Amino acid sequence: MSQIVNIDALPNFYAMNGANTKAADSSRIKLRMVFGNSVSLAVAECEPGYHPAPQIHNSEQINYVAEGELWVYIEGVAYHLRQGDAIRIPRMKMHWMRNRSSSKCVFYESSCAPLIGDSAVR
C-alpha cells in the first residue's frame with residue numbers, strides 16, 4: 001500500500017533511542033529515513049566538516065547531492081560531487097564521505113536492499 005510521507009515530519013535518525021552513532025559523525029548530520037519492503041531512502045543534511053567512519057553495507061546505494069558539495073570515497077578512491085551529481089556505491093565496498101566545504105550539504109541516499117531492515121527502527 002502506498003503512503004505519502006513528508007520528510008520534514010520524520011525524526012532525526014541519530015536523535016532516536018538506540019540509533020547507531022558509532023559509524024557517523026552524528027553531531028554534524030540530520031538524517032531522516034523512509035523504508036519500503038526492498039528499498040530505503042535517506043535525506044541527509046550534513047554540516048561543514050561532516051566525516052563519518054568508513055563503513056560497509058550489504059546493499060547497493062545511489063547518492064544524489066541536492067545542495068552543496070560532498071566528497072565520497074569508495075575503496076580509497078575520492079570522488080568530488082557537486083549539486084546535481086549522483087554516484088553509485090556497490091554493495092560490500094568500504095566507503096565514507098566528507099563535507100570539505102564551508103556550507104551545508106544535502107544529499108539523498110537510496111539503498112536496495114533497505115539500509116536498515118529492523119522494523120523497530122522503521
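Which residue in β7 does isoleucine 74 stand opposite? In this model, isoleucine 74 faces histidine 95. The structure is a predicted one, with local features needing pLDDT of at least 70 and side-chain atom pairs counting only at pLDDT 80 or more, while totals for chains, interfaces and linings use all residues. Residues are numbered from 1 along each chain as its sequence is written, and side-chain values use heavy atoms, leaving out hydrogens and water.

Let's start with the sheet. Strands of a sheet pair through backbone hydrogen bonds, either parallel or antiparallel. Here, three strands line up in the order β5-β4-β7 as an open sheet with antiparallel pairing. At the edges sit β5 and β7, each of which pairs on one side only. From one strand to the next, the twist averages 25° (axes are lines fitted to C-alpha atoms, for helices over the stretch in contact, and angles run from 0 to 180 degrees between N-to-C directions). Four bridges join β4 and β7 in the antiparallel sense; two strands pair if DSSP finds at least two bridges between them. Strands (E, at least two residues) and helices (H or I, at least four) are DSSP runs numbered from the N terminus.

Because its relative accessibility is 44%, methionine 92 counts as partly exposed (buried is under 20% relative accessible area, exposed over 50%, partly exposed in between, with a 1.4 Å probe and protein chains only). Finally, the peptide bond from cysteine 112 to alanine 113 is cis, its omega near 0°, and alanine 113 falls in the segment after β8 (105-112).
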